[in-house]
Amino acid sequence: MNELKILLQNNLNIEFRTAVLSNPRQKDVAEKIKVRPLLKKDKLIFQIETFRNHQAFHRNAEPEEACVLLVEAMENMRQMQMETREFSYTVLVSKKGKVTIKKKAAVCAGKEIDLSHNRKKHYILEEGVPVPFLKDLGVMTEEGKVVRSRFDKFRQINRFLEFIEDILPELDRDRELTIVDFGCGKSYLTFAMYYYLHERKGYDIRIIGLDLKREVIAHCSELGRKYGYEKLTFLEGDIANYTGVEQVDMVVTLHACNTATDYALAKAVGWNAKVILSVPCCQHELNGQIESEVLEPIFKYGLIKERVAALVTDALRAEYLESAGYAAQILEFIDMEHTPKNILIRGVRNGKKGEMREAVRRCEEFLHVSPTLGRLLK
């Protein structure tokens, strides 16, 4: 753990943003640990929040003590995701205690760090401030109060806008930007993107929402005209066959089922889209392919095999994006209304294209899988 100790000693300072320790070996010790910096009486301390048995326990520690506590905590954890002002670190600990540290530039590099003790949850779309499309979609009342039964949707919309807020430095302000939303559905997030980027941030954007349901497209088109969103267009169509634009700056795909996500991601790469935001769903493809004699005792349980296959699918998608010239992250979203899936894949183009890593090929061969996105990008 010496490498981890050095990493923490070098980063538990004013530049530290957050850390999440997860994937425990023993859940009765801790299920997850979150760390954030605080300033108390002009003194930097770190709040360590430990989750155990559906309860949260808090402890404040100065940098040196926090370093010791986190190194000890990682004896039970397999992974730590740490963010500083400029860098993002992934720390993995093997069964034998080998520590692997991966470092890359933070997507939100330079963003201000909140060191206040009593942080009130800040929503980009604030409660009490009426937003027309949220009212018509049943999320807000006329006065701007969030409908109690729709608060999860309100949180989801704001969480999604936080992901967009992080990548604003990647978007060009000097020209019209094109965003394609594959599988837009009722378009809560499509309207939120347009409102936030155009109305609130002043970007010149054109958003195209694509979905197979004719009645949904008709309703969303009517709402877009009602709000005067001139550059928000909804079209009936299929992801794989869409050819309506030649250049796209951002591709969004939310809850696209099974390989529809792969076709959307492949389209995004083909367009050299600067930003990709994808929330996959229903990853059935690899569940029908995945095989391993070593893992057979695990895979004989259908539910476990299905979940492992889904996670492998998304991890490989991120790896394929990396090889195609994107800095890829897998982030925690908020559960959709009708599915427990809460993974968001974010890709930001950095132009560093390369051959598929040998380790990825070995992983595919070991599990006997050939994912659609890998084949499409080849």
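Two strands count as paired if DSSP finds at least two bridges between them. With that in hand, here is a friendly tour of this predicted model, whose chain holds 11 helices and 14 strands. One group of seven strands makes an open sheet with mixed pairing, in the order β10-β9-β8-β11-β12-β14-β13. Another seven strands make an open sheet with antiparallel pairing, in the order β4-β3-β2-β1-β5-β6-β7.

**Overall dimensions**

- The chain has 378 residues, and a compact globule of that length would have a radius of gyration near 21 Å; the chain has 22 Å, so the two agree.
- Taken along the principal axes, the box filled by the C-alpha atoms is roughly 60 × 55 × 40 Å.

**The antiparallel sheet**

- In the sheet ordered β4-β3-β2-β1-β5-β6-β7, the edge strands are β4 (55–61) and β7 (99–105), each of which pairs on one side only.
- Direction ignored, neighbouring strands of this sheet are turned by 15° against each other on average.
- Helix α2 (residues 63–73) packs on this sheet and touches β1 (16–24), β2 (32–40), β3 (43–52), β4 and β5 (77–84). The direction of α2 makes about 140° with that of β4.
- Seven bridges hold β1 and β5 together in the antiparallel sense. Leu-21 has Met-80 in β5 as its bridge partner.
- β5 pairs with β6 over five bridges, again in the antiparallel sense, and Gln-81 stands opposite Thr-90 in β6.
- Strand β6 (residues 87–93) runs antiparallel to β7, and seven bridges join them. Here Val-93 has Val-99 in β7 as its bridge partner.

**The mixed sheet**

- In the sheet ordered β10-β9-β8-β11-β12-β14-β13, the edges are β10 (232–236) and β13 (326–332), each pairing on one side only.
- Neighbouring strands here are turned by 15° against each other on average, direction ignored.
- For a parallel pair, look at strand β8 (residues 177–182) and strand β11 (residues 250–257), which are joined by four bridges. Within this part of the sheet, Ile-179 stands opposite Met-250 in β11.
- Helix α6 (residues 214–227) packs on the sheet, where it touches β9 (205–211) and β10. The direction of α6 makes about 165° with that of β10.
- Helix α9 (residues 302–323) lies across β12 (275–281), β13 and β14 (343–349), and runs at about 155° to β13.

**Helix pairs**

A pair of packed helices is described by the angle between the two axes and the distance between them.

- *α1 with α2.* Helix α1 (residues 2–11) and α2 cross at roughly 145°, and their axes come within 10 Å. This crossing is right-handed. On the α1 side the contact uses Leu-4, Lys-5, Leu-8 and Gln-9, while α2 contributes Cys-67, Leu-70 and Val-71. By class, the contact of α1 with α2 has five nonpolar, one polar and one charged residues.
- *α4 with α5.* Helix α4 (residues 151–166) and helix α5 (residues 188–200) pack at about 50°, with their axes 10 Å apart. That angle makes α4 oblique to α5. The crossing of these two helices is right-handed. Lys-153, Gln-156, Ile-157, Phe-160, Leu-161, Ile-164 and Glu-165 of α4 meet Tyr-188, Leu-189, Ala-192, Met-193, Tyr-196 and Leu-197 of α5. Sorted by class, this contact has 10 nonpolar, one polar and two charged residues.
- *α9 with α10.* The axes of α9 and helix α10 (residues 358–367) are 11 Å apart, and the helices pack at an angle of about 155°. Because angles over 145 degrees count as roughly antiparallel, α9 is roughly antiparallel to α10. The crossing between α9 and α10 is left-handed. Val-312, Leu-316, Glu-319 and Tyr-320 of α9 meet Val-360, Glu-364 and Leu-367 of α10. This contact has five nonpolar, no polar and two charged residues.

How values were computed
Residues are numbered from 1 along each chain as its sequence is written. This is a predicted model: local features need pLDDT of at least 70, side-chain atom pairs count only at pLDDT 80 or more; totals for chains, interfaces and linings use all residues. Side-chain values use heavy atoms; hydrogens and water are left out. Axes are lines fitted to C-alpha atoms, for helices over the stretch in contact, and angles run from 0 to 180 degrees between N-to-C directions. Angles under 35 degrees count as roughly parallel, over 145 as roughly antiparallel, 65 to 115 as roughly perpendicular and the rest as oblique. A crossing is left-handed if the near helix is turned anticlockwise from the far one by less than a right angle, and right-handed if clockwise. Contact means heavy atoms within 4.5 Å. Ala, Val, Leu, Ile, Met, Phe, Trp, Tyr, Cys and Pro count as nonpolar, Asp, Glu, Lys and Arg as charged, and the others, Gly among them, as polar. The radius of gyration is taken over C-alpha atoms; the globule rule is 2.2 Å times the number of residues to the power 0.38.
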